[in-house]
Amino acid sequence: MRLITVTSAVQQLAALLMLWGLQGCSAETTAVFRPMSKPPDKLHIDSTTWQRQSEMTEGDQRLLTNYLRHQPSVAENPLLQGNPSVYLSSAGDRRFYWLSQTDTEVHWVFLGFRRGRFRETQAGTGPPFVSAVE
């Protein structure tokens with residue numbers, strides 16, 4: 001599993017472009033990304049429990065739209081297709097996860113927000129969650 005953690009917009013862009021580049025540019029292989037089936041309902045990461053929301057709220061959409069408007073190069077990443085899964089902590093922090101898979105790998109990206117402000121992003125291949133609680 002590859003794991004990248006970054007906190008600045010410049011580092012985030014570099015990480016997402018690097019991950020995008022890890023897909024390979026060979027004419028022989030074409031990665032077709034398909035959204036994954038249902039992610040877990042709860043996550044437990046670093047002593048924080050995250051509950052998956054059934055849908056994005058208007059506030060979630062405003063937060064994400066505002067962030068991506070200011071980061072157009074991030075918004076253009078092919079791994080950020082479709083609606084993300086939204087996880088909420090008891091403190092009101094949010095994580096937006098995009099999960100997709102090819103025939104051979106799972107690819108994922110998450111954007112994390114704390115108190116309504118961008119905090120971090122992670123991107124990788126392999127299992128996207130540190131531990132999931134069913």
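Mentor: Let's begin with the word "pair": two strands pair if DSSP finds at least two bridges between them. Helices (H or I, at least four residues) and strands (E, at least two) are DSSP runs, numbered from the N terminus. Please keep in mind that this is a predicted model, in which local features need a pLDDT of at least 70 and side-chain atom pairs count only at pLDDT 80 or more, while totals for chains, interfaces and linings use all residues. Residues are numbered from 1 along each chain as its sequence is written, and side-chain values use heavy atoms, with hydrogens and water left out.

Trainee: What makes strand 5 and strand 6 a pair?
Mentor: Four bridges join strand 5 to strand 6. The definition asks for at least two, so they qualify. The two strands run antiparallel and form a hairpin with four residues between them. In its turn, G92 has a positive phi of about 90 degrees. Across the pair, V86 stands opposite F96 in strand 6.

Trainee: How many bridges join strand 4 to strand 5?
Mentor: Three, and the strands run antiparallel. Here R52 has Y87 as its bridge partner in strand 5, and Q51 has L88.

Trainee: And what joins strand 3 to strand 4?
Mentor: Four bridges join strand 3 (residues 42-45) to strand 4 (residues 48-52), again antiparallel.

Trainee: Why is strand 5 called mostly covered?
Mentor: Four of its five residues are buried. Buried means under 20% relative accessible area, exposed means over 50%, and partly exposed is in between (1.4 Å probe, protein chains only).

Trainee: What makes a group of residues a nonpolar core?
Mentor: A nonpolar core is a set of buried Ala, Val, Leu, Ile, Met, Phe, Trp, Tyr and Cys residues joined through side-chain atoms within 4.5 Å. The largest one here has 15 residues, and those with the most contacts inside it are L64, L68, L80, F96, W98, L111 and F113. Helix 2 (58-70), strand 6 (94-101) and strand 7 (106-114) each supply at least two of its residues, and helix 2 gives the most, with four. Apart from this core lies another, of nine residues, among them I45, W108, F110 and F129.

Trainee: Which residues is F96 in contact with, leaving aside its neighbours within four places in sequence?
Mentor: Its partners include M56, D60, L63, L64, P84, V86, V109 and L111.

Trainee: What makes R94 and D60 a salt bridge?
Mentor: A salt bridge is a side-chain nitrogen of Lys or Arg within 4 Å of a carboxyl oxygen of Asp or Glu. The closest N and O atoms of R94 and D60 are 2.3 Å apart, so the pair meets the definition. R94 lies in strand 6 and D60 in helix 2, so the pair ties together parts that are 34 residues apart in sequence. R94 is partly exposed at 23% relative accessible area, whereas D60 is buried at 1%.

Trainee: And what about E120 and R95?
Mentor: Their side chains meet in a salt bridge, 3.8 Å from N to O. E120 lies in strand 8 (residues 117-125) and R95 in strand 6, so this pair ties together parts that are 25 residues apart in sequence. E120 has a relative accessible area of 14%, so it counts as buried, and R95 counts as buried at 9%.

Trainee: Are R62 and E58 buried or exposed?
Mentor: R62 is exposed at 55%, and E58 is exposed at 64%. The two form a salt bridge, with the closest N and O atoms 4.0 Å apart. Both lie in helix 2, four residues apart, about one turn of the helix. A search of the whole structure finds five salt bridges.

Key: Contact = heavy atoms within 4.5 Å.
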